[in-house]
Amino acid sequence: MERASEATQSIDSRLLARIRGRGRGAVLVPGDFLDLGSREAVDVTLHRLAKKGTIRRLARGLYDYPKEHPVLGTLSPSADAIAKALAGRDRTRLQPAGAYAANVLGLSEQVPAKAEFLTDGPSRTVRVGNTTIQLRRTTPRNMAVAGTLSGLVIQALRALGEQHVTPDRIEHLRRTIPADKRRELLKDLAVAPAWMHPILRRIAEEP
């Protein structure tokens, strides 16, 4: 009995040390700690820490080590941090998509109720507060430039649709993206739909 208690305390202390090492704002899933003990032991420890208020339960099997703001109080984790935690430790890739991608680039001021990410891992959806985070498994072609500026711009333009890619929006991207980053778009034309090619060239060209 004493050995079991010692083992529990050991898992508790090591798990807590790892959480603190990741810093405030970190989003956590049980899979992050399976090298420290069994899934059951990890789940029990996370539940205990959430009950104490050390961490916060966001959804089933999803927690964060909340960041505190002196005026705003406890902050919500970013959709990007949640998506990365959901993707797990199996090195799956993520690509912001849909209205979320357009918002990230400043092409839309409306904060979408759903943060959509394409992935080459399993699909998964979770609701945290008023936001839904969706990981949607997609084709290798759509993931060819995942995690790059080209991938973000292509997905944002796809969400807007050709008729809504106005000169003002093109100028916004030319103004807010550094020239060396904009030139990267030209290397990835092959993975973009044909209708985007002249738009991407205009974004990439020098003023």
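**Exercise 1.** How are H5 and H7 oriented to each other?

*Solution.* The model is predicted, with local features requiring pLDDT of at least 70, side-chain atom pairs counting only at pLDDT 80 or more, and totals for chains, interfaces and linings using all residues. Residues are numbered from 1 along each chain as its sequence is written, and side-chain values use heavy atoms, without hydrogens and water.

Step 1. Helix H5 (residues 149–160) packs against helix H7 (residues 179–187) at an angle of about 75°, and their axes are 9 Å apart. Helices here are DSSP runs (H or I, at least four residues); axes are lines fitted to C-alpha atoms over the stretch in contact, with angles from 0 to 180 degrees between N-to-C directions.

Step 2. H5 and H7 are therefore roughly perpendicular to each other (65 to 115 degrees).

Step 3. Leu149, Ser150 and Val153 of H5 make the contact (heavy atoms within 4.5 Å) with Lys181, Arg182, Glu184 and Leu185 of H7.

**Exercise 2.** Describe the packing of H6 and H8.

*Solution.* Step 1. The axes of helix H6 (residues 167–176) and helix H8 (residues 197–204) come within 8 Å, crossing at roughly 40°.

Step 1. In H6, Ile170, Leu173 and Arg174 meet Ile199, Arg202 and Ile203 in H8. By class, this contact of H6 with H8 has four nonpolar, no polar and two charged residues (Ala, Val, Leu, Ile, Met, Phe, Trp, Tyr, Cys and Pro are nonpolar; Asp, Glu, Lys and Arg are charged; the others, Gly among them, are polar).

Terms used. Helix = DSSP H or I, 4+ residues; strand = E, 2+ residues; numbered from the N terminus. Parallel < 35°, antiparallel > 145°, perpendicular 65-115°, else oblique.
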